[in-house]
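Have a look at the model before reading on.

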Amino acid sequence: MSDTFRKSFSDRAEEKITPDSSKSTMDKAKENVTTTADKAAGEMQTDSSKSNTQAGFDKSRREKDTLFDKAKDAVGLGDKH
């Protein structure tokens, strides 16, 4: 594992390259749970306490999520709080 309580980079790569059509429902569910847990762990841990690789990955994921949210807002699919 890259950092404690985090999903390993090899697990992430394997999930990305394996087509969804070849994954079982249980595999997809496990992937969703572990990805959500990894995101939560990444947000609770300060970047300064992460490895450089993990901090960089988390930063790029946050930027991607922000861009995705902006795109949803632009087409009217964003959250209306």
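What follows goes from ground rules to helix packing, and then to single residues.

## Ground rules

This is a predicted model, in which local features need pLDDT of at least 70, side-chain atom pairs count only at pLDDT 80 or more, and totals for chains, interfaces and linings use all residues. Residues are numbered from 1 along each chain as its sequence is written, and side-chain values use heavy atoms, with hydrogens and water left out.

Helices here are DSSP runs (H or I, at least four residues), just as strands are E runs of at least two, and the numbering goes from the N terminus.

## How α2 meets α3

Two packed helices are described by the angle between their axes and the distance between the axes. For helix α2 (residues 25-44) and helix α3 (residues 52-74), the axes come within 11 Å and cross at roughly 110°. Those axes are lines fitted to C-alpha atoms, for helices over the stretch in contact, with angles running from 0 to 180 degrees between N-to-C directions. The pair is therefore roughly perpendicular; that label covers 65 to 115 degrees, while under 35 is roughly parallel, over 145 roughly antiparallel and the rest oblique.

Who makes the contact (heavy atoms within 4.5 Å)? On the α2 side there are Asp38, Lys39, Gly42 and Glu43, and on the α3 side Phe57, Asp58, Arg61, Arg62 and Asp65. Sorted by class, that gives 1 nonpolar, 1 polar and 7 charged residues. For the sorting, Ala, Val, Leu, Ile, Met, Phe, Trp, Tyr, Cys and Pro are nonpolar, Asp, Glu, Lys and Arg are charged, and the others, Gly among them, are polar.

## Helix α3 itself

α3 has 23 residues and reaches 33 Å from its first C-alpha to its last, close to the 33 Å expected at 1.5 Å a residue. The expected span is 1.5 Å times one less than the number of residues. Just after α3, Gly76 takes a positive phi of about 85°.

Which residues of α3 are buried? They are Gln54, Ala55, Asp58 and Arg61, where buried means under 20% relative accessible area, exposed over 50% and partly exposed in between (1.4 Å probe, protein chains only). The cover over these buried residues includes α1 and α2. Elsewhere in α3, Thr53 counts as exposed at 52% relative accessibility, and its C-alpha is separated by 9.7 Å from that of Phe9, 44 residues apart along the chain. Ala71, also in α3, is partly exposed at 41%; Ala71 and Met44 are 27 residues apart in sequence and 26 Å apart in space, C-alpha to C-alpha.

## Arg6 and its two aspartates

Arg6 sits in the segment before α1 (9-17), and with a relative accessible area of 1% it is buried. What does its side chain make a polar contact with? One partner is the side chain of Asp38, at 2.7 Å, and another is the side chain of Asp58, at 2.8 Å. A polar contact here is a pair of N or O atoms within 3.5 Å; within protein, one must be able to donate a hydrogen and the other to accept it, and residues adjacent in sequence count only if both atoms are side-chain atoms.

Both aspartates also turn up in the α2 and α3 contact list.

Phe57 belongs to helix α3 and is partly exposed, at 25% relative accessibility. Leaving aside neighbours within four places in sequence, Phe57 is in contact with Phe9, Arg12 and Asp38. Arg12, in helix α1, is buried at 10%.

Ala41 lies in helix α2 and is buried at 13% relative accessibility. Not counting residues up to four places away in sequence, Ala41 touches Phe5 and Arg6. For Phe57 and Ala41, 16 residues apart along the chain, the C-alpha separation is 13 Å.

Notes
Contact = heavy atoms within 4.5 Å.
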